[in-house]
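Please open the structure in a viewer and keep the selection panel at hand.

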Amino acid sequence: MDFIRLIHKKSFERILHITRRHYITFVPIAFLFILLILVPVIVYWFINQLYPGFLINDPYYQLVVLFVSLYYLSLCLFFYSYFIDFYLDILIVTNDRLVDIEQRGLFARTISEVELFQIQDITSEVEGFFPSLFGYGDLIIQTASAIPKVIVHDIPNPHALRQELLDLAAADKKFHRDN
Amino acid sequence: MMSIPLFVFLFLYFAFLFVFVFFSTVNLLHMFQTGGITLLSFIVTFIVATIAIYTLFLTWYFLQGTEWQQVIEILPNWGTSNNQFGI
């Protein structure tokens, strides 16, 4: 995958995990998108019930068509931009480091990188009804590097990932101590 | 009363289309360069593209044969009546 190029993978590095935010966190936006798509249809249906033949031969007909078209295209653009923002937040765990790629809007991206042996403490949090039901939450990683804290939001199975990261960090610390 | 030719709105619509195409291209570039193509990203891209293309097609369909030189009146009673609120 192309985002591997973004992290400049080292020759000895093996990618162990590529995690994105839990898909369920995108569902409310998808529902909102569907609802907003239906709004003009429902409004037109109601107006047509009240005033049959509404807009037929009306001088404003063209304006209404242009406005509705503009509305739908804007909706598509906002929805897709939001999806890109959601989809390009990626956590990559290798046998050497942890890379957190965060897309912020269309023109900003933050890439934080933490060596595994610099990890000091990891906290996993699953709070709320839906996070408990679908098993997603936050991972808070305290480090001894220049980035003291890395917070990864809404990832699936944060407790299992915490344990795995702790094991990897311990193995990496042992490797750096012995060499 | 303010009279505006219809083609002014058409040009405004084209200006919006330019912005739409620009941002859509940026989105797609992000997707191809960083996101990787997966089933989910393909499905979402396909749905959004289908809705956008369908919207453009219907816009063309409903507006074909329009006389764009015709003038429409915005705020038809503005300033012509002293009793606009029926008081």
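Two residues are counted as in contact if their C-beta atoms, placed from the backbone, lie within 7 Å. The model to be inspected with this criterion is a predicted one.

**Select chain B.** Traced from the N terminus, the elements of chain B follow the order β-α-α-β. Of the 87 residues in chain B, 5% are buried.

**Select the side of chain B that touches chain A.** How many residues of chain B are in contact with chain A? There are 26 residues on chain B, and they meet 24 residues of chain A. Both α1 (6-35) and α2 (39-63) of chain B contribute at least two residues each to this side. The most comes from α1(B), which provides 14 residues. Colouring this side of chain B by residue class gives 15 nonpolar and 11 polar residues, with no charged ones.

**Select Phe12(A).** Moving to chain A, centre the view on Phe12(A), which lies in the loop between α1 (3-6) and β1 (15-20) of that chain. Is Phe12(A) buried or exposed? Phe12(A) counts as exposed because it has 8 C-beta neighbours inside 10 Å, and the cut-off for exposed is 12 or fewer.

How values were computed. Residues are numbered from 1 along each chain as its sequence is written. Chains are lettered from A and ligands numbered from 1 in the order in which they are written. This is a predicted model: local features need pLDDT of at least 70, side-chain atom pairs count only at pLDDT 80 or more; totals for chains, interfaces and linings use all residues. Helices (H or I, at least four residues) and strands (E, at least two) are DSSP runs, numbered from the N terminus. A residue is buried if 20 or more other C-beta atoms lie within 10 Å of its own, exposed if 12 or fewer, and partly exposed in between; C-beta atoms are placed from the backbone. Ala, Val, Leu, Ile, Met, Phe, Trp, Tyr, Cys and Pro count as nonpolar, Asp, Glu, Lys and Arg as charged, and the others, Gly among them, as polar.
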